[in-house]
Amino acid sequence: MKTLKVAMLGFGNAGCAFAEMLNSKHEEIKKKYDCDVKVTAIVTGRRGSIIDPDGIDLDKVCPAGNQGSFPADTPGLGNVDAMTVVNEADYDVVCEMTPLNIFTGEPAISHIKGAFARGKHVITANKGPIAWAFDELSKLAEEKGCMFFYETVVMDGTPVFNLAEHTLKMCKVTEVSGILNSTTNYILEELAKGRDYDSIMESGRKLGFVEADPAMDIEGYDAAAKVTALLNVLMKAGITPDMVDRTGIENITAEDIQAAASRGKVIKLLCSGSLGEDGKVNAFVKPVEVDTKDMLASIDSTTSVVSITTDLMGKISVIEHAPEIEQTAYGIFGDLIRVVEGF
């Protein structure tokens, strides 16, 4: 039986949910793929690290979740940093789930480069590397014969990249668009109901999908990074988020929303990228008035949508309905199964 060793960089809510999912499917994976998957390293920013080449007891560490501490008697408990794990630990595949730096993609990019330098496979749930260094990282993976998967970076576990890769063969993607930021979608929807901004933010934080500082969402940075990732993978755009024409919703008022409603429209933060006459991909993120009869108008709360236009298959859309943390976990898990299949 093969053994696949996994190093997890980051162990927040998504990381813990992934570990629980992996643990629950451990025996099934062994039977189906003749492969024993072991997590041999977990690194966190605040709660230390666990390094155990024989495999970490996930039953013991998963209850720590994103808030608690690891049990004091956990074998291999220490304070090793992520880059040391990347360069020195015993693993076959890295799951890069560290916090996003939306302006540089670091240190996640360096983590991935370090893994490839050792001939290790990589799964990333961090959109930064795909937005800022996709071409470079893809080339490194190819040169080293490493698998490189990233399904989770835009729409949790929703199969967007897999859809294009496996079911749109020979299609040329000419445009990608969508509603990809749940925070702004929620805020615009609640403003349309007549609620004031402060109460909307308070409710959103209690529900868990509005950050303490939501500026990255409200000002369109998160959406810009996501559309950049989509365009880099699906259209080989070779762009970075700072090349996206970005306008957030910070200046949208209740009066703007009411005026749009009087015209039979709603305001949505739309992401889009298309192939220009010069052969280059042009991208934008901006508030757009959408007719209430348009499919985009029905994308509410935390639901997301991405539409892909191709030369052979026309336009298709994929909707992710109100995802929970399990959908993010499944995106990572699905990529891991792809590694298992190719290992």
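## A buried aspartate to start

At 19% relative accessibility, Asp 156 counts as buried. Buried means under 20% relative accessible area, exposed means over 50%, and partly exposed lies in between (1.4 Å probe, protein chains only). Asp 156 sits in the loop between helix H7 (152-155) and helix H8 (161-167). Helices (H or I, at least four residues) and strands (E, at least two) are DSSP runs, numbered from the N terminus. The phi of Asp 156 is near 55°, a positive value in a residue other than glycine. Most residues other than glycine have a negative phi.

The model is predicted: local features need pLDDT of at least 70, side-chain atom pairs count only at pLDDT 80 or more, and totals for chains, interfaces and linings use all residues. Residues are numbered from 1 along each chain as its sequence is written, and side-chain values use heavy atoms, with hydrogens and water left out.

## The chain as a whole

The chain's secondary structure comes to 14 helices and 13 strands. Its radius of gyration is 21 Å, close to the 20 Å that the globule rule gives for 343 residues, so the chain is as compact as a globular protein of that length. The radius is taken over C-alpha atoms, and the globule rule is 2.2 Å times the number of residues to the power 0.38. Along its principal axes, the C-alpha trace spans about 65 × 45 × 35 Å.

Of the 343 residues, 52% count as buried. The accessible surface comes to about 15,500 Å², and 49% of it belongs to carbon and sulfur atoms. These areas come from the Shrake-Rupley method with a 1.4 Å probe; for residues, only the protein chains shown count as cover. Contact means heavy atoms within 4.5 Å. Among contacts between residues at least 6 apart in sequence, 70% join residues at least 24 apart.

## Two nonpolar cores

A nonpolar core is a set of buried Ala, Val, Leu, Ile, Met, Phe, Trp, Tyr and Cys residues joined through side-chain atoms within 4.5 Å. The largest one has 67 residues. Phe 148, Leu 230, Leu 231 and Leu 234 have the most contacts inside it. Helix H12 (residues 221-234) gives the most to this core, with eight residues. A second, separate core has 34 residues, including Cys 16, Ala 17, Phe 149 and Ile 332.

Leu 234 touches Val 160, Phe 161, Ala 164, Val 173, Val 176 and Ile 308, leaving aside neighbours within four places in sequence. Phe 161 belongs to helix H8. Phe 161 is buried, with a relative accessible area of 6%. Beyond four places in sequence, the contacts of Phe 161 include Tyr 150, Val 154, Ala 229, Leu 230 and Leu 234. Val 233 is another residue that Phe 161 touches. The C-alpha atoms of Phe 161 and Val 233 are separated by 7.5 Å, though the two are 72 residues apart along the chain.

## Loops, buried and partly exposed

Ile 56 is found in the loop between strand E3 (49-51) and helix H3 (58-61). Its relative accessible area is 10%, so Ile 56 is buried. Not counting residues up to four places away, Ile 56 touches Val 39, Thr 40, Ala 41, Ile 42, Ile 50 and Val 61. Its C-alpha atom is 7.1 Å from that of Lys 38, 18 residues apart along the chain.

The loop between strand E11 (281-291) and strand E12 (304-310) holds Thr 302. Thr 292 has its place in the loop between E11 and E12. Thr 302 counts as buried at 13% relative accessibility, whereas Thr 292 counts as partly exposed at 46%. Leaving aside neighbours within four places, Thr 302 is in contact with Ser 182, Phe 209, Ala 322 and Pro 323. On the same terms, Thr 292 touches Gly 264, Lys 265, Val 266 and Ala 297. Thr 292 and Ile 130 are 33 Å apart, C-alpha to C-alpha, and 162 residues apart in sequence.

## Backbone exceptions

Ala 322 lies in the loop between strand E13 (314-320) and helix H14 (325-342). Its phi is positive, about 40°, although Ala 322 is not a glycine. Ala 322 counts as partly exposed, at 42% relative accessibility.

A cis peptide bond joins Glu 106 and Pro 107, with omega about 5°. Most peptide bonds are trans. Pro 107 has its place in the loop between strand E5 (93-96) and helix H5 (108-117).
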